[in-house]
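Trainee: Could you take me through one part of this model closely, namely the sheet and what surrounds it?

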Amino acid sequence: MTDVLIVGSGPTGLTLACELALGGAAVRVLDARSGPHRESRGKGLNADSLEVLARLGAAEEPAAVGIRGVVLRKYFDGDHVNDTPTTGDGILIGQWQVEEALRRRLAGLGVPVEYEARVTEIAQDGAGVTARLEDGRSIRAGYAAGCDGGQSSVRKILGIPFEGRTEETETMVLGDVRVPGLSRAYWHQWFTSAGGGILLCPMPGTDSFQLQASPELGESGEPLPPSLESFQRLFDRHARVPGIRLADPTWLSVWRVNIRMAARMREGRVFLAGDAAHVHPIAGGLGMNTGIQDAAALGRTLLSALADPGTRGALDAYEAERLPAAAHVLADTSERYERVLAAVREPGRGTEAGMD
Ligand SMILES: Cc1cc2nc3c(=O)[nH]c(=O)nc-3n(C[C@H](O)[C@H](O)[C@H](O)COP(=O)(O)OP(=O)(O)OC[C@H]3O[C@@H](n4cnc5c(N)ncnc54)[C@H](O)[C@@H]3O)c2cc1C
């Protein structure tokens with residue numbers, strides 16, 4: 001029988017799967033999507049996450065591709081003001097590349113990700129869990145882990161409240177685009193005295209930049225959806241560099257400020273980890289990293305429970321460690337986010353205000 005059924009193959013689910021497979025547990029990893037994505041999303045691995053990946057044997061590729069000490073080039077009203085190298089032991093790398101390294105390691109351990117497998121129901125009894133899939137299949141396992149992102153079906157199935165707030169009006173448009181003619185030596189950050197800005201970060205191992213910008217607003221002040229044309233207008237408004245044409249978007253998205261955490265991270269034999277358990281501002285780049293740390297902790301908890309099923313309380317260790325950690329990350333990233341919002345009104349300041 002499967003020891004642990006993992007729902008979701010983002011960085012959290014893949015890290016957990018590697019932890020468990022290396023510890024000798026029988027795992028299955030399901031994902032609703034049709035295959036791997038190539039979206040830059042969370043673009044930083046910090047030193048703690050690199051340590052986890054190194055222990056799992058999945059750090060080599062990210063370390064070879066990722067870059068350290070990226071230089072933030074700040075502009076205000078179109079003028080170059082200063083350059084700030086980032087410090088610390090983390091690396092800049094796309095989330096899809098981190099997932100690819102983990103997925104490859106997991107495949108080497110004999111565990112393929114099973115795609116087009118959406119979990120819609122989970123029942124549990126004293127001996128295990130039974131997950132029902134959208135396609136009618138059912139899978140039995142000893143435990144289940146909901147690593148299925150901020151919209152987590154598992155959290156909803158368990159009826160665990162996701163407490164906090166969503167700021168519908170504070171949004172950002174995001175994407176991966178090519179920007180021929182723009183130097184790849186800098187993370188360009190343009191801000192404008194009238195408000196708003198655009199950031200273009202060169203993504204290692206690709207010829208694209210991750211774009212983050214305050215959205216265009218419609219006639220009644222509503223944020224307009226992302227598109228290449230809108231990205232170009234935002235670039236022209238804030239960067240004011242003639243002749244540069246953004247091209248070939250491979251990812252377009254909207255991010256809104258969500259500061260929420262699950263009231264519990266366990267219900268019987270089912271656990272929540274990563275974005276399924278907590279979402280918070282991206283300032284400081286802690287989303288993917290917090291999920292990786294959750295996975296490492298959950299892996300320890302499940303391996304000890306599997307090794308000694310009679311030990312009472314073993315399953316409580318995970319929530320005891322990670323619920324306070326999640327609360328801390330929510331408070332910390334909210335504060336970092338406010339610092340960035342205040343900083344970018346001053347010439348020469350940028351996202352470094354949220355990295356200290
Ligand atoms: C648009 C966007 C921009 C972001 N930018 C940043 C950033 O700049 N910096 C940063 O640190 N973080 C950023 N994040 C956050 C970061 O991407 C997340 O913290 C990280 O992806 C969390 O990983 P996860 O594995 O917990 O969840 P996810 O990466 O969301 O993975 C969840 C997986 O579960 C699968 N799934 C969902 N429901 C089901 C189901 N019912 N059955 C089976 N599978 C299911 C999904 O297909 C998905 O593959 C961003 C996130 C988004 C969405």
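**The open sheet and its surroundings**

Mentor: In this predicted model, an open sheet is built from eight strands in the order β5-β4-β12-β13-β14-β11-β15-β18, and their pairing is mixed. The edges are held by β5 (79-85) and β18 (278-279), each of which has a single partner strand, so one side of each is left without a neighbour in the sheet. Within the sheet, β11 (residues 162-178) and β14 (residues 209-213) run antiparallel and are joined by five bridges; in one of these pairings, G175 has L211 of β14 as its bridge partner.

Helix α6 (residues 228-238) lies across β11, β12 (186-191), β13 (197-202), β14 and β15 (247-262), and runs at about 105° to β13.

Leaving aside its neighbours within four places in sequence, H80 is in contact with R73 and Y75; H80 and W190 are 110 residues apart in sequence, yet their C-alpha atoms are 8.5 Å apart in space.

Of the 32 residues around the ligand, G8, G10, G149, G274 and G287 come nearest, and by class the shell has 11 nonpolar, 14 polar and seven charged residues. Domain 1 (2-67 + 91-165 + 258-343) and domain 2 (169-256) each contribute at least three residues to this shell.

Conventions: Residues numbered from 1 in each chain as written. Predicted model: local features only at pLDDT ≥ 70, side-chain atom pairs only at ≥ 80, totals over all residues. Pairing = 2+ DSSP bridges. Helix = DSSP H or I, 4+ residues; strand = E, 2+ residues; numbered from the N terminus. Contact = placed C-beta atoms within 7 Å. Axes fitted to C-alpha atoms, helices over the stretch in contact; angles between N-to-C directions. Near = placed C-beta within 6 Å. Nonpolar A, V, L, I, M, F, W, Y, C, P; charged D, E, K, R; others polar. Domains from an automatic or database assignment.
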